[in-house]
Amino acid sequence: MTARSHPKGLYLLFVTEMWERFSYYGMRAIFVLFMIKALMFDKAHAADIYGTYTGLVYLTPLIGGYIADRYWGNRRSILAGGVLMACGQFMLFFSGNLHDSNLQMASWLLYGGLGLLIAGNGLFKPNISSMVGQLYAPDDKRVDSAFTIFYMGINAGSLIAPLICGTLGDTGHPGDFKWGFMAAGFGMLLSLLVFSLFKNKYLVTPEGKPIGMAPARHHASGEKVVHAPLTRVEKERLAVILLVSAFVIFFWSAFEQAGASLTFFAEEQTNRSLLGFTVPASYFQSINPISVVIFAPLFAMLWTTLGKQGREPTSPVKMAFGLLFLAVGYLVIAFGVDGLEPGVKVSMLWLVSLYMLHTFGELCLSPIGLSLVVKLSPARFTSLMMGIWFLSNAAANKLAGTLSELYPDPAKPAPHLLGYSINNLHDFFMVFVAMAGVGSLILFLLSSKLKKMMHGLQ
């Protein structure tokens, strides 16, 4: 391996994660549309289920990380999680197959499939992320760029997922949603196949020792292994992870409107005609990953250039910029819909602009956060802390579904939030401008204190 190359194990994890994310985002692209068009749920109920599902998807990694650290190891956890998720996707296929003949059974199959996806993701998600850092020596400077490469794998999967699953499922005919779920299921099987074939060959340390194995429970003498207590520096670094995780809730609860309220907006109030073709609403969820693939190398170059000049922002400052970009994205679309009457459709450029600005925010926050967890966590707690990191995503996704229920419906009374009346789309989008903007300001103010608590790790 040359000084500049990355271990081949990184690219195995890249491909494994790419196809798992294809499975997840392919299902997500058509999920709320399936509920309102095939199962005939109203939008508020569909948004509530969406938020509960995505919240639990990010809650169970806390359990999965604990199981891996204490009992199974990363490899076994990833395989078990992948099998559960594949089964869940195929249960959704059968739900779609029964929507017009047995609606009650279709609904129960939906809930069963979601349960398997939630449990499987809990085992899969924290363990594949924590394995990236294990491929490198503790002082290796390539870890941040490794997570940027790994993050592009996530977005390569989420880029093609809405296009393929949306094309197959979001056709205007409710009976076709099942084909989108089937494609998502096959994506998960492909992820499992690639990981199973190559894990033993490529998932090794720089010294050639296998990573992700089940933890050693006892010494050769038969005595149980006891972890050393945390030092003061380790405790403060872990506190940084917990504090920054709180701000992640502000970010993802607004960002994850993509799967619910922004899908409603794309479906109902966006002019989707393009060159004589009506763009499916699900396609808009590919704008973000396309933008990630385009702009991630530019952001990586920016951080590298600033680092050489001694001006690279700390991780908390980068994440504060992420929240700021998010607020600006919602401010742009709030301007675009100001005074818009119900039923009037706006140019798709407003939605494209929002997704691009949100991508800039994501590139400042998400890969930086994953890398921060690996750098600040003691090795014996990495998977568990990755699970705690995803715990904030769980709270954010549940909150995202709750906030999506505030999406204004002209046929219903105006919803309220903390005394604020949401009478139209402008009012709705301004909720996220305020939420992300305040979070950004507070994190900027705390960044110098967090830098001290990181004790030299940036």
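1. Start with N271. Beyond residues up to four places away in sequence, N271 touches K345, V346 and M348. The model is a predicted one. N271 sits in strand β1, which covers residues 270–271.

2. Is N271 buried, exposed or partly exposed? N271 counts as partly exposed because its relative accessible area is 39%, and that class lies between 20% and 50%. Its side chain reaches the backbone nitrogen of S273 at 3.2 Å. For a sense of distance, take P408: 137 residues along the chain separate it from N271, and their C-alpha atoms are 19 Å apart.

3. Now Q257. This residue is in the loop between α7 (232–255) and α8 (261–269). Q257 has a relative accessible area of 0%, so it is buried. Its contacts, leaving aside neighbours within four places in sequence, are L262, T263, Y330, A400, L403, S404, F428 and F432. A polar atom of the Q257 side chain also lies 3.0 Å from the backbone oxygen of S253.

4. Step back to the whole chain. The protein chain is divided into domain 1 (7–211) and domain 2 (233–457). Their centres, taken over C-alpha atoms, are 20 Å apart. In the contact, domain 1 takes part with 44 residues and domain 2 with 49.

5. How much area do domain 1 and domain 2 bury between them? The figure is about 4,100 Å², with 64% of it on carbon and sulfur atoms. Within domain 1, K43, Y58 and Y151 lose the most area to domain 2. Together these three residues make up 17% of what that side buries.

6. Four salt bridges are found across the interface of domain 1 and domain 2. Elsewhere in the list of pairs, the side chains of E256 and R28 form a salt bridge, at 2.4 Å from N to O.

7. Which helices supply the side of domain 1 that touches domain 2? At least two residues come from each of α1 (8–37), α2 (43–59), α3 (61–97), α4 (103–134) and α5 (143–169). The largest share, 13 residues, comes from α5. By class, this side of domain 1 has 20 nonpolar, 15 polar and nine charged residues.

Definitions and conventions: Residues numbered from 1 in each chain as written. Predicted model: local features only at pLDDT ≥ 70, side-chain atom pairs only at ≥ 80, totals over all residues. Heavy atoms only, no water. Helix = DSSP H or I, 4+ residues; strand = E, 2+ residues; numbered from the N terminus. Buried < 20%, exposed > 50% of the residue type's maximum accessible area, 1.4 Å probe, protein only. Polar contact = N/O pair within 3.5 Å; in protein donor to acceptor, adjacent residues only side chain to side chain. Contact = heavy atoms within 4.5 Å. Domains from an automatic or database assignment. Buried area = accessible area lost by both parts, 1.4 Å probe. Nonpolar A, V, L, I, M, F, W, Y, C, P; charged D, E, K, R; others polar.
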